[in-house]
Amino acid sequence: MMRLCGYLRLAVTLVLLIPLVRSTEDDTHNNNYYIMIGVSGGLQEGFPAHDKLHYNQGSLEDEVVKAIFLGRGLVRGYKAFLDLMQEGWREYTETDRAVINPNVFASGCQEHANEYWIYLVDARQVMSVLNHEPRHLSMTPDTGMIELEAEETHSLVRDFLTTHIRQQHRASKKKIDKVAIPLVTAVYFNAASHIPSPPIRIHDDGTQVTNFPDSLALWAGVDDRDRTMVVDYHKSCRHHRREECTDAALEEATQAYNRYWAGIRQAIGKAEEKRQKLEKQEAISGPPFQCQKRVKFGVGKEEDPDNTSTRVNYPMTGAQIESVLKEIGFQVDLAEGEVVDPLSEKQDEPDL
Ligand SMILES: *[C@@H]1O[C@H](CO)[C@@H](O)[C@H](O)[C@H]1NC(C)=O
């Protein structure tokens, strides 16, 4: 009997190993562990710090484990500010004032909501993504939660989480509508540098929705589409649309990109001139936050019948990610860090 079990186990192991032996470039990341995190700021694609989301083992291209972008998720009880760098800090320069960081605070207020960009990041990189960030930031495992049913939450994020949770806990048929994941969260309110991010939308119930790129563009009076023109150009050139890859198109994209950053620098310069006024003004909108209504942070108790929340804060393998995506009709290119919709010719590119 023992013998038979042994053989059986060996056979099962071999069968399970077959897909790994296939070893195309993609499969090299199948055994890697990823952790899902929510970021809102310079780590998002199209901003200078984005590369910090990729794990870099060495100097070779194939030693990089790229972060996988799933889409946006709305987190309630979070209020966004822009952190206007001050003289004497690492990122402050008078000549190139392009650095402005969002500091998103756990306000606990129902009326504040921020759109986070949800990424799967190599587990070895997660603790390092904030290294060399300017200041005031941390990551918290279960304060804010992604609201799966919110209109702002992308369907890929919702379907990925629902399917993953179902795969993890086969028995549970309970509906889950809030999922806590590690979120980049600001820990220190600096009255002399924080400007409230303008809401991009206000719901009928009074919810003010922010997100880093769109709130920043609103504040600075620039067009956020300009920011990703160069990234978009290279992406569309990689996939299928080669006829659009002309020097003129690249030139145009580069001009748009430069226009965007010139606008940001100009807005920062103007805001600096009015810095003295900030301190007084911000004290009103900063912590402690005066909420109209409070949200509940943290996950509910297992035995509570009303608990519709859960946590996803542990490592999952590339193979697990692949399996979840397969169940909802997507593929993943782990080497490129991209989710692919096999039904459509082009990549599934939820807006950057
Ligand atoms: C309820 O709470 C526990 C932990 O506190 C969590 O693990 C569980 O998945 C939650 N959700 C549901 C729907 O039971």
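Guide: Happy to. Accessible areas here come from the Shrake-Rupley method with a 1.4 Å probe, and for residues only the protein chains shown count as cover. On that basis the protein has an accessible surface of about 18500 Å², with 52% of it belonging to carbon and sulfur atoms.

Visitor: What should I keep in mind about the source?

Guide: This is a predicted model, where local features need pLDDT of at least 70, side-chain atom pairs count only at pLDDT 80 or more, and totals for chains, interfaces and linings use all residues. Residues are numbered from 1 along each chain as its sequence is written, and side-chain values use heavy atoms, leaving out hydrogens and water.

Visitor: How many helices and strands are there?

Guide: The protein has eight helices and 18 strands. These are DSSP runs numbered from the N terminus: helices are H or I with at least four residues, strands are E with at least two.

Visitor: And what share of the residues is buried?

Guide: Buried residues are 49% of the 352 in the protein. Buried means under 20% relative accessible area, exposed is over 50%, and partly exposed is in between (1.4 Å probe, protein chains only).

Visitor: Let's go to the ligand. Which residues surround it?

Guide: Around the ligand are Lys174, Ile176, Val299, Gly300, Lys301, Glu302, Asn307, Ser309, Thr310 and Arg311. A residue counts as near if one of its heavy atoms lies within 4 Å. By class, that shell has two nonpolar, four polar and four charged residues. Ala, Val, Leu, Ile, Met, Phe, Trp, Tyr, Cys and Pro count as nonpolar, Asp, Glu, Lys and Arg as charged, and the others, Gly among them, as polar.

Visitor: What lies 2.4 Å from a ligand oxygen?

Guide: That is an N or O atom in the side chain of asparagine 307. A backbone N or O atom of glycine 300 is 2.5 Å from an oxygen atom of the ligand, and for a polar side-chain atom of threonine 310 the distance is 3.0 Å. The protein covers 84% of the 350 Å² of accessible area that the ligand has on its own.

Visitor: New topic: where does threonine 140 sit?

Guide: Threonine 140 is in strand β8, residues 137–140. It counts as buried because its relative accessibility is 17%. Its side chain makes a polar contact of 2.5 Å with the side chain of threonine 143. A polar contact is a pair of N or O atoms within 3.5 Å; within protein, one must be able to donate a hydrogen and the other to accept it, and residues adjacent in sequence count only if both atoms are side-chain atoms.

Visitor: Which residues does threonine 140 touch, not counting those up to four places away in sequence?

Guide: Those are Tyr78, Ile181, Pro182, Leu183 and Thr185, with contact meaning heavy atoms within 4.5 Å.

Visitor: One last thing: what does α5 pack against?

Guide: The buried residues of α5 pack against α6 (247–273) and β18 (338–340). In α5 (residues 229–238), these are Val230, Tyr233, Lys235, Ser236 and Cys237.
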